[in-house]
Amino acid sequence: MDLSSNLLVHRLMHLASVGEHMLTRPALRRHWAHNKSLRDTSTWWGGDPQWYPGGTPPRRYNRVTPLIHGDTYFAALRQAMERAESYIYIVGWCLTPKIPMARSSEADLLRTQLLPLLSEAASRVPVRILLWSGATALMQPTERSVREVQRTIEQEGQGDILCRLDHSAQWSHCHHQKAVVIDGQVAFVGGMDLTTFSGDRWDTASHPLRAGVNWHDAQLQIEGEAVADVERNFLQRWEAVTGDADLPHHVPRVEPGWNTPVQIVRTVLKRVYPFAPDGEFGIHYAYLHALRGARRLVYLENQYLWSPYIMAALREAIRRPRHEAFRIVVVLPAHAGNGKWDNDKHVEQLLKADAGRGIVSVYAPYTAGPNMGGRPFSYRPVYVHAKVAVIDDEWLTVGSANLNDRGLATDGELNALVHDPELARRVRVDLWSEHLGLPREQVEGADPIDLVDREWPRAAKENAAIIATGQRPLVGTACRYRVPREIGDLLLEDVQSLTFEH
């Protein structure tokens, strides 16, 4: 297919997606109006609107561990899989059977590959994998490539291991959840698939420059009551796809001191599954209520910023009269696959609404490495794939949903909501320490508004000067998000975005 044909396909897919989203918005409004379960607030969380009053309820007793970047997630997941005693359930958008779970040595690259690890576990426990079936045409991954993944797992895997494909997504949409449950006792929920497709998910906070794209992402490790809800999601989908309702399941144990409230929320399109005939839009609900209640700080890391609902909530937050400082910080990829133009448009809308008051700031992370030319260093964007929000250092969500209509209305998604000031603040501090290149203790001890007003612009300005000269590594990763102004820039973005990566 030549370049002009590729660009046409890209635009047609974009328009088809927009058209379906427009049809979905009335469905969302009807969902809120007619789903009686949304008005059931009789249990312990009372009338707190930040909890989604549909789907599964929030659970009080949990322990949550943030896992920033693939190195920490893969290490924790590998350890949990090696200890599995009853079963392993994996639900994903895409999967690479031979992806190495550790990278510190050549031996790691060989002995920690995913499929052999799963095969070892499957010698003693059932392993079940549920993947999106792929796209019929035009987009990636295709049905053909996903069937090849399935064949590899079932032909080369050993023991009680099965991989099934979910074909129920509507045309031009997908099943995008990324979660693992082990023994009913630990769950992993977030933005990371176990794959190298369109980008190797294994990366570190230092983002050393590598052959492929550098990858910024996040996952949560959950123990306690909410694990049962992540498992319930897998069992419901597995039964809908395979007809098998007899997979094992266990009630999660709860230890003293596990007091973090967690709710598992989903995006499920109407009439896709029998267990949710009216759909389920908990992620959409949760984001809107949290943004509308934001008092001091909204921090968003996401691959996309397109949703008209999210944009309206952010503009409303910008306009609202306040008696104290209020800031919105957004971190996006510099060149979002299949979405740079839309991100640019919505960034411009936010900055216009801000009107120079300094409420809104938008950044894109970069990394540095040795250069082959005359300049000692070269610089390249770090791809932001994380779907993280922290509001007022009290409310946290991490999951699979992007801030577009796909993530909030039409693709299959899974997020964890956490109401825990200590944990929310910890995640923000960890992320800001990375982006600003500051010691964690300095970020933790500073007022976040002061950091937004001083340290973020300082780091971005210093990094811009470093990139201009090419003489040394960057200070952290923070750079200002740039909106291209020339036709050539937009054409380049189109060429770079001919993927279906989410």
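Where does G374 lie? G374 is placed in the loop between strand 13 (360–370) and strand 14 (377–384). Here helices (H or I, at least four residues) and strands (E, at least two) are DSSP runs, numbered from the N terminus. G374 counts as exposed, at 84% relative accessibility. G374 and G470 are separated by 96 residues in sequence, yet their C-alpha atoms are 9.2 Å apart in space.

The model is predicted, so local features need pLDDT of at least 70 and side-chain atom pairs count only at pLDDT 80 or more, while totals for chains, interfaces and linings use all residues. Residues are numbered from 1 along each chain as its sequence is written, and side-chain values use heavy atoms, with hydrogens and water left out.

The protein chain holds 14 helices and 18 strands. Of its 502 residues, 59% are buried. Contacts (heavy atoms within 4.5 Å) were also sorted by sequence separation. Among those between residues at least 6 apart in sequence, 76% join residues at least 24 apart.

An open sheet is formed by seven strands in the order 1-8-6-5-2-3-4, with mixed pairing. Two strands pair if DSSP finds at least two bridges between them. Strand 1 (62–68) and strand 4 (161–166) are the edge strands, each pairing on one side only. From one strand to the next, the twist averages 15°. Axes are lines fitted to C-alpha atoms, for helices over the stretch in contact, and angles run from 0 to 180 degrees between N-to-C directions. Within this sheet, strand 2 (residues 88–92) and strand 3 (residues 127–132) run parallel and are joined by five bridges. Y89 has R128 of strand 3 as its bridge partner. Helix 4 (residues 114–122) packs on the sheet and touches strand 2, strand 3 and strand 4. The direction of helix 4 makes about 140° with that of strand 3.

Helix 5 (residues 143–156) has 14 residues. From first C-alpha to last, helix 5 reaches 20 Å, close to the 20 Å expected at 1.5 Å a residue. The expected span is 1.5 Å times one less than the number of residues. V146, V149, Q150, T152 and I153 are buried in helix 5. These residues lie on the same side of helix 5, because they cover an arc of only 160° around the axis. The arc is that of the directions from the helix axis to the C-beta atoms. The buried residues pack against helix 4, strand 3 and strand 4. Exposed residues R144 and Q155 sit on the face turned away from the buried side.

Strand 9 (residues 262–268) contains T267. T267 is buried, with a relative accessible area of 0%. A polar atom of the T267 side chain lies 2.8 Å from the backbone oxygen of G407. Not counting residues up to four places away in sequence, T267 touches E280, F281, I283, G407, L408, A409, T410, D411, G412 and E413.

R271 lies in the loop between strand 9 and strand 10 (280–281). R271 is not a glycine, yet has a positive phi of about 65°. R271 is exposed, at 67% relative accessibility. D392 is likewise not a glycine and has a positive phi, of about 55°. D392 is buried, at 12% relative accessibility. The loop of D392 runs between strand 15 (388–391) and strand 16 (395–399). These two strands form a hairpin with three residues between them.

Strand 15 and strand 16 pair in the antiparallel sense over four bridges. A389 stands opposite T397 of strand 16. Strand 16 is also antiparallel to strand 17 (residues 413–419), to which five bridges join it. In that pairing, G399 stands opposite N415 of strand 17. Five of the five residues of strand 16 are buried. W395, T397 and G399 point one way from the strand, whereas L396 and V398 point the other way.

Notes:
Buried means under 20% relative accessible area, exposed over 50%, partly exposed in between (1.4 Å probe, protein chains only). A polar contact is a pair of N or O atoms within 3.5 Å; within protein, one must be able to donate a hydrogen and the other to accept it, and residues adjacent in sequence count only if both atoms are side-chain atoms.
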